Amino acid sequence: MPVAITASVLATGLTACGTVEQLSAAQKVSKAFNKVGDGKSAGFKLSIDATPEQIVAFAKATGEKGADGEMDEKSAKAMSGLSLAVAVSADKPLKEIEAFKNAKGSAANSDLTLDKSVRISYVLSDRNGTSLLEYRQVDAKGYLHVDAKGLVKLVGEDPSQVDAVSKDLPPDMGPVKEVLAGKWIALDLQELADQAKKNDGKKAAPNGAPTADPEAAKQLVNSLKDVLSRTVTYEDKGSKDGTEHIWMSAPARQLVDEMFKAVKPVADKFPQQFKKFPSQAPSDVPDRKVGVDLYLKDGAFSSATFDLAQLADKIEPGVNFPVKLAFDKAAPNVQAPGDAVKMTTEDLMKAVLGLAAGGPGGGPGAGLDPENGPATAVAPLTDAQLKELAKLGVPETQARAFNSIGMSFEDIKGITQEG
């Protein structure tokens, strides 16, 4: 739900602000975003609209480098057109779903995972529309599909490496083989949720699980509304073919500084959300106005385009890197795949950690290097070590999965302390 929640939060910041509502363009934007949650479905698509030529020019102007030291045309072509599509549908208007209510500060923090009335899908696609990574949630079950060869090819590597890696995996890494083979994987979200609650209960038993202060949430929302009403401006650019164009802008550094000041006083009252809130606002935000082009169709939000070049320290005229967020209230129907292979919590952890691995003998993430073979064996975790890791926030299932791919007790302890 992140994209949908973001839209809801933005709508919240624009609604009921006296100063904002007096402005015609701002009022249109406020009402347009409020309509996002009126329907029972919604589709969002975030895409890189920059052409390969624009990406190369942007990389050259900002000093960004590719894998070989420079952003070549091949890499730029692979990046251009990449998109993340999110589809949400429910048995009731989206604005009645807890995630939207939470975004507006009108409900206590809750877990959407087990809400069987909500169906979600995330799809990462290349410029040709080929799905590289897809996740679906239907009836409290999660389904994952990965085009490993497509992802490898996307970053300019040889897809045959996937077959080599899969062939050399040890028997207990079967779940990773399933993922690499491109099979749909089914996850029991109830099982995952129960395990998470069990682990949270163990960690928080003495003092109870930390929860957000409702008054703090209300204070935060009101503070952010005030910041937006004072810093954001709107300009009506007219309409074409029934689509209205509005330019929304704000002084970047002032906006960030004021939002930081609004959040900082209540950060410690959101123990999970702002666990590591910084001590000061980012200093690298450009001291100039930046903006986004908003497009409204029939009074509802249609799309938004933002030029990332606006955030660069120094940029030459004519250098652009546009990204686009499009909205469609008629989202595709999300259905469960019929041939998914069931994966347990432990299997999932092994697969995730295994896919993130780099090479055995080199510490964490060492199990998938086809040139070096399977991960180097390490000493199994003792009961005492498992208890110590649990106190640090690493559940037993997760700790054992780390251990199974070549991570020692000290390795696991180290990454928890770094995190």
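This is a predicted model: local features need pLDDT of at least 70, side-chain atom pairs count only at pLDDT 80 or more; totals for chains, interfaces and linings use all residues.
**View 1. What covers the buried residues of helix α4.**

**View 2. The buried face of α4.** This helix runs over residues 52–62, and Pro 52, Ile 55, Phe 58 and Ala 59 are its buried residues. Looking down the axis of α4, you'd find those buried residues within an arc of 125°, so they line one face of the helix.

View 3. Just past the end of α4 sits Gly 63, with a positive phi of about 85°.

**View 4. Helices α11 and α12 packed together.** A pair of packed helices is described by the angle between their axes and the distance between the axes. Here α11 (residues 214–231) and α12 (residues 252–263) pack at an angle of about 160°, and their axes are 9 Å apart. That angle makes α11 roughly antiparallel to α12. As for handedness, α11 passes α12 in a right-handed crossing.

**View 5. The contact between α11 and α12, residue by residue.** On the α11 side, you'll see Leu 220, Ser 223, Leu 224, Val 227, Leu 228, Arg 230 and Thr 231. They meet Gln 254, Leu 255, Glu 258, Met 259, Ala 262 and Val 263 from α12. Sorted by kind, the residues of this contact come out as eight nonpolar, three polar and two charged.

Terms used: Residues are numbered from 1 along each chain as its sequence is written. Side-chain values use heavy atoms; hydrogens and water are left out. Buried means under 20% relative accessible area, exposed over 50%, partly exposed in between (1.4 Å probe, protein chains only). Helices (H or I, at least four residues) and strands (E, at least two) are DSSP runs, numbered from the N terminus. The arc is that of the directions from the helix axis to the C-beta atoms. Axes are lines fitted to C-alpha atoms, for helices over the stretch in contact, and angles run from 0 to 180 degrees between N-to-C directions. Angles under 35 degrees count as roughly parallel, over 145 as roughly antiparallel, 65 to 115 as roughly perpendicular and the rest as oblique. A crossing is left-handed if the near helix is turned anticlockwise from the far one by less than a right angle, and right-handed if clockwise. Contact means heavy atoms within 4.5 Å. Ala, Val, Leu, Ile, Met, Phe, Trp, Tyr, Cys and Pro count as nonpolar, Asp, Glu, Lys and Arg as charged, and the others, Gly among them, as polar.
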